[in-house]
Amino acid sequence: MKLFSKLKSKSKQTPTEFIANYCDEKQSWRNKEDDLEVLVKFIRLIRPSKPKKVETVDLQEIISFLNVNHSCRHQLSIYIKEILKDKKFNKILSDAAILQDVDFIFEVKKRISAKILPYQSQKDTLEYVLNQVFYLDNDIVWINKIPLRQLEELYNILKFKSIYETTEPYSSLSELLIAMSLITQRISGRAMETDVIKMVPEFDDYESPFSAFEKELFRIHDKIRKSENHYISSDDLSYRQVLVLHKQCEEYVDKAFSNSSKYGISLRVNQNLLKIRQQLERLKVLIPLLVIENTSDKKSNGIELALKLIKYNCYKNNIRKFIAESTQLISYEITQHTAKTGEHYITESRKEYIKMFRTALGGGLVVGIMCIIKVLLSKVEASFFGHAFYYSMNYAFGFIAIYILGFTLATKQPAMTASALIKALEEGAQKQGKDSEKYDAFAILFARVFRSQFIAFVGNVIMAFPVSLLGIWLIDYAFDYNIAAAKWKTLLTDLSPIHSLAIFHAAIAGVFLFLSGIISGSVSNRDKHNQVHFRIAEHPLLKKRLGKVRTLKLANLYEKRWAGIISNFWFGIFMGSTVSIGLFLGLNLDIRHITFASGNLALALYGANYEVSNTMLYWGIFGIGIIGLVNFMVSFSLSLGLAFRSRATSLYELRFVTISIWNHFKSRPISFFFPTEKKQKSAVVENYLSSDTEK
């Protein structure tokens, strides 16, 4: 007979019935081919079907049963101890749930692969046991809901030995010490890499805290191995020194992260620092396990070690947490750049408001010309790739021209101003004592942002329409050729939200607007980290040919303009290649942009010789507004979400922000469209708007 074979009954057994059946078996569990099968089935009976919804996992029935059934208790104790005997687990403590590779893409691929086909360790390791028994990612959730008192009772009933009895190889304490040594050595080596040291020049004249920490921790390990008790007390001098050095190591990493605003940061350096931080956090958990103040600490530390082993093993392939931790700082630096850029899109006074209108008229002028060029390019016989190239270059150089000439493209605003708003909210939280004042100030700033974008929309639309109309008339007048005669129906239909996928296509353009903001911030962050400005300014050949003054001007021009040029170039690539990619894939993909929609309406009207139905004209005009709204909503919401996440700000705050904006709109609706005579002063707003000037 095989142990626990009676589990095959159709009705689900209770854990106590399962143990009782095991006790009834005459043959020993050692005869089983798979020793873990019994434990796997037993844990399966305890595991809740929906662990997140369970408030507590009660093991009292099992404890009571074992208390009165000495034979079962004895056999179960032997069985579990035999499974755990001489099982190595130092790799769980040193590796599991810690970033293993600084290559972000490789790490993601590895974790996804491990999710599909889990890595199995050797059978002489505890990792193999945990992989077989606690194989679900959420197992640690219900395990943590078991009352600590019940875990302590099970510890006593099953007569587990203290982890401090010996430091012989494969013992629990030996594995713990080995893991801590491995982590410490890895931290010391990684912290000495050039790219990491470059992030903290403040520590150049001091001894590395990591080396001192490693030496001090080695002293503790040596003391534990040589002592009879195999542990230390909290008043041990070396222990206190280790805590101080650990704190200094944490401050070193924190300083490196905070310096990213000065020096920029690459994804590789971010991953290196993140790994060091994770390893320091792991040591922060493990070091207290070496300290014993009273006898009861031996039991509680043993239970704590077991829980941590299960937790780390469950979370070792967690993809969501890894991506969140890896990208948070990078996204913060990117949104910092877009926030600074977004400040230029926020108007306060009437003078700034009128200036925004003028620059928007300039943007509409360029877009009107681009609309005509695109129609001409559509008549060129070329492949999908050829048209994608022509359209992309038209968009790219047009957007770059708008940027260099200082004009405004309205839909570029949301991706920038969203970060600026969150930056204001963050600074308000730091400088204001009352949340109501913080949200009120945010509402005032939002009103400024909204009216700035409103007037930019107006300027773009009312200029793109006449420019496109004038352009197509001039071509017709000069060459007697109506370039939109064969395409006017398509141009007009594509604007209608009910006769085409205009809303979906406008959403695609909104995503591209968001991505262009990301690219701008990413390029700026990369150049800052690579010290491109300094390298250009001090280039010996450039200084020889151009002189120091001109070389410095070139460096300043690069720093000011290059990120924007690159982002506008790629924005053009995205906009110009979408249709061709859709045709290649057999999908109805396209883009709709409010300013281009205005120009296309003018071209359609002229192409039809102004003979269009009132219905189509109405839907075309209405579609322009809908397209602009969708452009704004998609790019703004994506940017807002990224800005919230990059600053670890809870989305729950949106509730209070929305209420504050609505209240402000009810009290001063005109301020959302036009600058009011009386300026709305607020400490947060004024501090925010002047903070970068002071810097």
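With the side chain of which residue does the side chain of Asp236 make a polar contact? The partner is the side chain of Lys223, at 3.0 Å. A polar contact is a pair of N or O atoms within 3.5 Å; within protein, one must be able to donate a hydrogen and the other to accept it, and residues adjacent in sequence count only if both atoms are side-chain atoms.

The model is predicted: local features need pLDDT of at least 70, side-chain atom pairs count only at pLDDT 80 or more, and totals for chains, interfaces and linings use all residues. Residues are numbered from 1 along each chain as its sequence is written, and side-chain values use heavy atoms, with hydrogens and water left out.

**Asp236 and helix 13**

Asp236 lies in the loop that joins helix 12 (209-226) to helix 13 (237-258). Helices (H or I, at least four residues) and strands (E, at least two) are DSSP runs, numbered from the N terminus. The relative accessible area of Asp236 is 14%, so the residue is buried; the term means under 20% relative accessible area, whereas exposed means over 50% and partly exposed lies in between (1.4 Å probe, protein chains only). Asp236 also caps the N-terminal end of helix 13, with a side-chain oxygen 2.9 Å from the backbone nitrogen of Ser238.

Among the buried residues of helix 13 are Ser238, Tyr239, Val242, Leu245, His246 and Cys249. They are on the same side of helix 13, because they cover an arc of only 150° around the axis; the arc is that of the directions from the helix axis to the C-beta atoms. The face turned away from the buried side of helix 13 carries the exposed residues Leu237 and Arg240.

**Helix 4**

In helix 4 (residues 70-84), the residues Cys72, Arg73, Leu76, Ser77, Tyr79, Ile80 and Ile83 are buried. Their arc around the axis is only 165°, which puts them on the same side of helix 4. His70 and His74 are exposed residues on the face of helix 4 turned away from its buried side. Just after helix 4, Asp86 takes a positive phi of about 55°.

The table sets out the spans of both helices; the expected span is 1.5 Å times one less than the number of residues.

**Glu17**

Glu17 is found in helix 1 (residues 15-24). Its relative accessibility is 41%, so Glu17 counts as partly exposed. A polar atom of the Glu17 side chain lies 3.1 Å from the backbone nitrogen of Thr14. Glu17 and Ile62 are 45 residues apart in sequence, and their C-alpha atoms are 9.6 Å apart in space.

**The whole chain**

The chain has 30 helices and zero strands. Of its 695 residues, 51% count as buried. Of the contacts (heavy atoms within 4.5 Å) with a separation of 6 or more, 81% come from residues 24 or more positions apart. The chain has zero disulfides, a disulfide being a pair of cysteine sulfur atoms within 2.5 Å. Cys249 counts as buried because its relative accessibility is 0%, and Cys371 counts as buried at 2%.
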